[in-house]
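Notes below, in the order I looked things up.

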Amino acid sequence: MNSELQQLCHYCKTDLKAYEKDIEAQLQLLESLLQLTLVNSASRIEQLSSLLIFAASIAKNVSHLQVTQQIYQDIIEILQRHGEVLDPGLRFQLVRTLATLAKSKAPDFINFLPCYFQLFRCTDKQLRKYLFQLIMKAVERAMEMGSKLGSQCKSLIYQYLRSSHEKIAQKTLLLLVKLYAKGILSDASTCNVMSFCCFHENTKMKAIAIHFFLQECFVEDEDSDSSDSSSDEDNDTNEIQAVVSQKTKELWNNYKLTSKKNLRKRRQLERKISRICKSERRRKRKHQLNPKVEPPVSLLFRPDEFAEKLFLELKKKNQRFQLRVAIIQLIARVVGFHLLDIPPFIQYLLKYLRPHQEGVTKILVILLQAIHEYTPLETVNMVIRYIADHFVIPQMSANTCAVGLNSIRLLCEKQPTAIDAALLEDFIQYKTSKDRSVMMAARSILSVYRKLCPGLLPKSERGKLGNIRALEEKRALVSKSLSFDTVSFEKDDEESNSCYEESDSYSETDCSSSSFIEETTSQSSTQNNAYDDNLLTQRILSDSDFVKLKQSGFGTISMDENPVNATISVTDIETFQTKRRRSKEERIASVKQGRKDRQKYGKSSKQKFKTGPTTNRAKQKRQVNGIVQQRRRKQYMQSLKQRTKRRK
């Protein structure tokens, strides 16, 4: 911008009425130049850019003039016609002036938002990042203004999500992901619209949508960093730089100590530093959902159809292994949350369960997430036997055996009756193993069955409480069977009361047993509900009954007990007894923690400097004492020799 325009900009802010004609003349000149660029896109670029900067700086003060409205419309028309052909600097300046003019005017999102979306076709990454931020702020503003503007913005975004251009579709999907994470567009309609992107032909679109439903971050391209370009990112960059500087300092010191410093070693060092930076960014960039926002898997309208369609596409198409694992994880998450049953999916997972398979622990975790309380016992038993045949065998290493036993323990916690007594006894025999991780895994299975189902254990392994629980379970089963027999006998013959008396005697003795079982097994959610299951099956419920059931929370899944929130991690099945290699920061932290309550070692500072530093007189005394001791020693030795001679 010229010095004259700078002075005019200053006068506009101080005294607008005095210089209104000059400002209007400059704006009319800008309008004429914009109309020239509509005809020829490469005409007077420098003059036009300086006038655009001037218009952007005084946009708030000059919003009442009619010329600004014409400039606003001309800029939109230029960007729509010649957006891809324009000079990059001029195009960026046009977008900036359009954004400042749009702020000063009434909300007109339908005119300038399509212009922003169409500019995603350009190859300028800096412009794309800036456009992404502008669209984010515009949508937030539209949602705050009212429901009508919000619905218009939603329909426009959904329209560009189905665009044939890959970059526009990717950017709109990333925009929806960011808006959902912030809680701006967190309704079920946006979630289900994004679910169609899981079946997109473009692999990157598919990966972004799948990672969104898994609540993970997808960063593959440098340009996709724009999804996290906000005020929160500025706080994270300082933390990332602090961590990276500590790690790179050691690499630089090692490089300086090397004798031969050539270009190849320098490039290797730079590659290592870039890898550290990327890993730290990926670790930090996780979509932290707003606590008020529900997980996206819970908002699917038809989860069974979604999971089956994903599974069919997984079998048809041959994709990369990482993407395939992500699709499998999403299917397992949907099956576990909505308590679905897809037997072919579990059989498909079993072919990946090999100890030599890449990421086998992650696949085991996915399998554990797909199995729930309502999975058939036959499939759970098949999975347990398969894991036992391939992992828990003497030919395998101790780590693989421990992983297999830990995964079996987590399966048995969900369905304890899905295992045979003989197979359980084989697992418990590993408690005498020499390896600590295998021994602890076998003991964990034993402790689970002592609590849940001690009847399957042999008597020697039940323990004191386990034997009591097993006896109480037997008595409860006998009382139930006898009460059922008495009810059927009364229907046939009302006069016979012998079986009824026997059942009463059994029920009186088993009151304590039933109460004991209710205390130990507090897993059923129906204890907290106002209505009992027997009452629900006796009569037809009215509308008032349904209202009371909703108020009591019957049939609802709480977010704390939700399988998505309480997901199983890889650390739950890995060998936790072996010591993990700690980093330098962790070791220094443990050393400092150990020094807190410990006494100071060595002499205290008072004893060291009680008499001050040593003088020359003190040093002479030490020398004299040493000489005297040497003389005395010589005299003693001479006297010993004389005594020995006399004795001889």
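**Charge on the surface**

I looked for charged patches and got a positive one made of K13, K60, K103, K137 and R141. For a patch I joined like charges within 9 Å, using residues with over 30% relative accessible area and no salt bridge (a Lys or Arg side-chain nitrogen within 4 Å of an Asp or Glu carboxyl oxygen). Lys and Arg count as positive, Asp and Glu as negative, with His and the chain ends not counted; I placed each charge at NZ of Lys, CZ of Arg, CG of Asp or CD of Glu. Areas are Shrake-Rupley with a 1.4 Å probe.

This is a predicted model, so I kept local features to pLDDT of at least 70 and side-chain atom pairs to 80 or more, while totals for chains, interfaces and linings use all residues. Numbering runs from 1 along each chain as its sequence is written, and side-chain values use heavy atoms, without hydrogens or water.

**K60**

K60 sits in the loop between α3 (45-57) and α4 (66-82). K60 counts as exposed because its relative accessibility is 78% (exposed is over 50%, buried under 20%, partly exposed in between).

**Helix α11**

I counted 29 helices and zero strands (DSSP runs: H or I of at least four residues, E of at least two). Which helices does buried α11 pack against? Its buried residues meet α9 (166-182), α10 (188-195), α14 (303-316) and α15 (321-338), with contact meaning heavy atoms within 4.5 Å. Nine of the eleven residues in α11 (203-213) are buried, so the rest of the structure largely encloses this helix. Among them are M205, I208 and F212. Q215 follows α11 and has a positive phi, near 60°.

Definitions and conventions:
Patches are made of residues with over 30% relative accessible area and no salt bridge: like charges are joined within 9 Å, nonpolar side chains (Val, Leu, Ile, Met, Phe, Trp, Tyr) within 5 Å. Buried means under 20% relative accessible area, exposed over 50%, partly exposed in between (1.4 Å probe, protein chains only).
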